[in-house]
Amino acid sequence: MCSGSAQVSVPDSPAQLLTSSLQPAHSPAALVGDTPTLWVGEPFTASGRGFWAKLEGSNPGGIKDRTALYMVARARERGQLLPGARIVESSSGTLGLGLALAGVAFGHPVTVVTDPGMEPLMTGLLTAYGADIELVRTPHPVGGWQEARRERVAELLAARSGSWCPDQYHNPDNVAAYRPLAYELVAQLGRVDTLVASVGTGGHSAGIASVLRGFFPSLRVVGVDTTGSTIFGQPAAPRLMRGLGSSIHPRNVAYGLFDEVHWVAAPEAVWAARSLARARYATGGWSVGAVALVARWLATVRPAEERIVAIFPDGPQRYVGTVFDDAYCREHQLLDHRPADHPQEIAHPGERTVTRWTRCTTVVDPLAGGAAGAAAVGPETGDRGLAGAAR
């Protein structure tokens, strides 16, 4: 759980992390953590099969409340973020909500740099919580909207003395922030055999998996990406889904932890999110749909006694105008696309460009090839300078 100071400590017993929610909260930061875990079975899954879903939408803003509070607290301790200084960061939405929460809890103004894809509901919430919205209107020719947003962040940092950026893509505190979530899973379930997590910045997959593998050395870690994302070695393409995937290469992605990766297309994620809502009520948007689709399949093909956990990063509220809106889905040809019962398979991420749900058990870092890999990334390569003191 994240307290007002957002400390992360190793408990004597993981179960100790489940007691604090009984106490009255003196800070909104204390509302983060201790999220519930729900069994997802039939009719969403096959009879007698299912998986556990960690419902991070029960946090005030979603899973990234955890890392926003932690990154801000650590920066304050190190003197990188001075009292009252402005926080500036790129976000498609969920981290923005977390930073708005951290701004209220710690007394910092917040600027969220985003793009036209941010939902009006999310813009309204951020504004209501006191965050300033900075909109970029043209994607970067190589790095897409993410790189365009990061360039604007750098400009704002240079123009505003004393401001600070968490740099969620490369900041190791983004990973460390999720240790308590892993402890919560151990306390709630006792054993985890397979972890299914979406991958965007790489923070929560790395933070949770590294702790769980310490408890369970044979843990299977399954990453879920979107088609058109470059994270696991596919070529960049326009992406409708937000919250997972990337057009840059975040250095927080712990490639060595993954046993396999799945790419999911937008219509497949929509089908899963909508089906999940009708079957189990607890659902979410793009990331939840993609993760649930993969966990559903794993529950069918893995041994029945295997304990599978899927991380649901948020709830459905911000997606009422997209994933759960018939007009939007018709406009983007997202309806009536029931996924196949099994993913397609490729032997290596570079084998071919995938356009539908596809699985690969060879997981490599696209930048591990040295100069050739770096050249494919463009201006993103080597730019880790947004964390720490502002420029």
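The structure holds nine aromatic pairs, a pair being two rings of Phe, Tyr or Trp (its six-membered ring) with centres within 6.5 Å; planes under 30 degrees apart count as stacked, over 60 as edge-to-face and the rest as tilted. This is a predicted model, in which local features need pLDDT of at least 70 and side-chain atom pairs count only at pLDDT 80 or more, while totals for chains, interfaces and linings use all residues. Residues are numbered from 1 along each chain as its sequence is written, and side-chain values use heavy atoms, with hydrogens and water left out.

Select tyrosine 183 and phenylalanine 215 to begin. Their ring centres lie 6.2 Å apart with planes at 85°, so the pair is edge-to-face. Tyrosine 183 counts as buried at 8% relative accessibility, and phenylalanine 215 as partly exposed at 37% (buried is under 20% relative accessible area, exposed over 50%, partly exposed in between, with a 1.4 Å probe and protein chains only).

Next, select phenylalanine 232 and tyrosine 255. Here the centres are 5.6 Å apart and the planes at 80°, so this pair is also edge-to-face. Phenylalanine 232 is buried at 1% relative accessibility; tyrosine 255 is buried at 8%.

Then display Phe44, Phe51, Trp271 and Phe312, which form one aromatic cluster. Finally, select arginine 74, which lies over the face of tyrosine 70 at 4.6 Å from the ring centre.

Key
Lys NZ or Arg CZ within 6 Å of the ring centre and 35° of its normal.
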